[in-house]
Amino acid sequence: MAPNIEISIPTTSVSTSSPAYTIYNVTLRLPLRSFAVQKRYSDFVAFHQSLTAQVGAVPPLPLPGKSWFSNTVSNANLREERRKVLEAYLRAINEAVDPKWRSSSAWRAFLNLPSSAATTANTSTTRLHAAITDPSAVGSGAGGAPITDPTLWLDCYRDMKGHLHDARLHLTRRDQETTPQKQHESSAHAKGSLVRAGSLIGALEEGLKNLGTDGLSPSTGGGVGWGNSQNRGNSIGDGEMRRRKDLLVNARKEKDGLEDLLNAMAAKSRIDSAVASAQDKEALVGGAAAKKPRSGRVLGKETERTRELDNQGVLQLQRQTMEDQDLNVEELRKIVARQRELGIAINAELEIQNEILKLADEDADRLKQKIDIGNKRVGKIS
């Protein structure tokens, strides 16, 4: 049975490089998301050779041959014809009854598919659903399956960010509720979202350790052998590894900040309850202290976010705001640095162009002098 993946090549484009080449935009629709990959005709040729070598049989449809008398860059009709044939070529593999081509690593690597998408249509969906509903099912702890697929890692990261967003919303609602019961419910929901987010962060950190390797593990014979075949080719580069680590660092900071804010709200509620009980007692016995007006913070101007927080909560909110500002300043610094590098590169290019124009001007002057000398000699002969 064919996997539940829809494949099409709806459009093509021409690269801006020199020499130009045709880009085929391959669109894939999976159960949970859709994405596109860009391929050249040479990529299809290499994929066809690798797929045939791995499976030991040619795909259901042949690959369109190379045109020697025309090219797809200048011939729109040929480009459209090849697009249709390549689309039919991929669909024939995707819809074939025999899954041996789809089970190969060449097919998954060519389309950037998760490793689990080659065996069954629902495996990727099941793994991500398990990560969403039961964070303990992912990661190396407690017998859970570790995250070894870069695409599944990103899906779990998006779900973790969703839990953090939900926790922030519940804390905002808790700040707006007027009854203790509603406040307790909002706090409980926020706490649950933070617990799920924390579990996913731990699983994602453990998954980065798996993605940072080349799929090599020590063999039982004392040498170095290949590890699990499903993990081969799933390692990511150093730049992408650093980017994902930065994402996790920021996510953990956000989670810790929300937990501190939740604890500050809970502490304030306990203090308010204790103060209210003391005031009730004094009012019952007719104490003079019950007539004293309740004092609050007077420094600065209170806002909706700080009015219901105690001093510790306000301090935590201020720290979180300053951290966000520092991140924005760092992003601005990177943008300015890139603009500076771009300006330097443009200046260097302009200097080169000026030198070329100067040489061309000198050549033109020499040529003009030669023409003048030739004209004088012709005048003497005539």
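1. Asn75 caps the N-terminal end of helix H2, with a side-chain oxygen 3.1 Å from the backbone nitrogen of Asn77. Note that this is a predicted model.

2. Helix H2 covers residues 76–94. Its 19 residues should span 27 Å at 1.5 Å a residue, and its end C-alpha atoms are 27 Å apart, so the two values agree.

3. The buried residues of H2 include Leu78, Leu86, Leu90 and Ile93.

4. The whole structure has 16 salt bridges.

5. Glu254 pairs with Lys161 in a salt bridge, with the closest N and O atoms 3.0 Å apart. Glu254 sits in helix H7 (residues 238–285) and Lys161 in helix H5 (residues 150–176), 93 residues apart, so the pair links distant parts of the chain. Lys161 is partly exposed, at 31% relative accessible area.

6. Arg252 and Glu205 meet in a salt bridge at 3.2 Å, N to O. Arg252 is in helix H7 and Glu205 in helix H6 (residues 180–211), so this pair ties together parts 47 residues apart in sequence. Both ends are partly exposed: Arg252 at 31%, Glu205 at 33%.

7. Arg244 and Glu240 form a salt bridge, the closest N and O atoms being 2.8 Å apart. They are 4 residues apart in helix H7, so about one helical turn separates them. Arg244 counts as buried at 3% relative accessibility, whereas Glu240 is partly exposed at 25%.

Definitions and conventions
Residues are numbered from 1 along each chain as its sequence is written. This is a predicted model: local features need pLDDT of at least 70, side-chain atom pairs count only at pLDDT 80 or more; totals for chains, interfaces and linings use all residues. Side-chain values use heavy atoms; hydrogens and water are left out. Helices (H or I, at least four residues) and strands (E, at least two) are DSSP runs, numbered from the N terminus. The expected span of a helix is 1.5 Å times one less than its number of residues. Buried means under 20% relative accessible area, exposed over 50%, partly exposed in between (1.4 Å probe, protein chains only). A polar contact is a pair of N or O atoms within 3.5 Å; within protein, one must be able to donate a hydrogen and the other to accept it, and residues adjacent in sequence count only if both atoms are side-chain atoms. A salt bridge is a side-chain nitrogen of Lys or Arg within 4 Å of a carboxyl oxygen of Asp or Glu.
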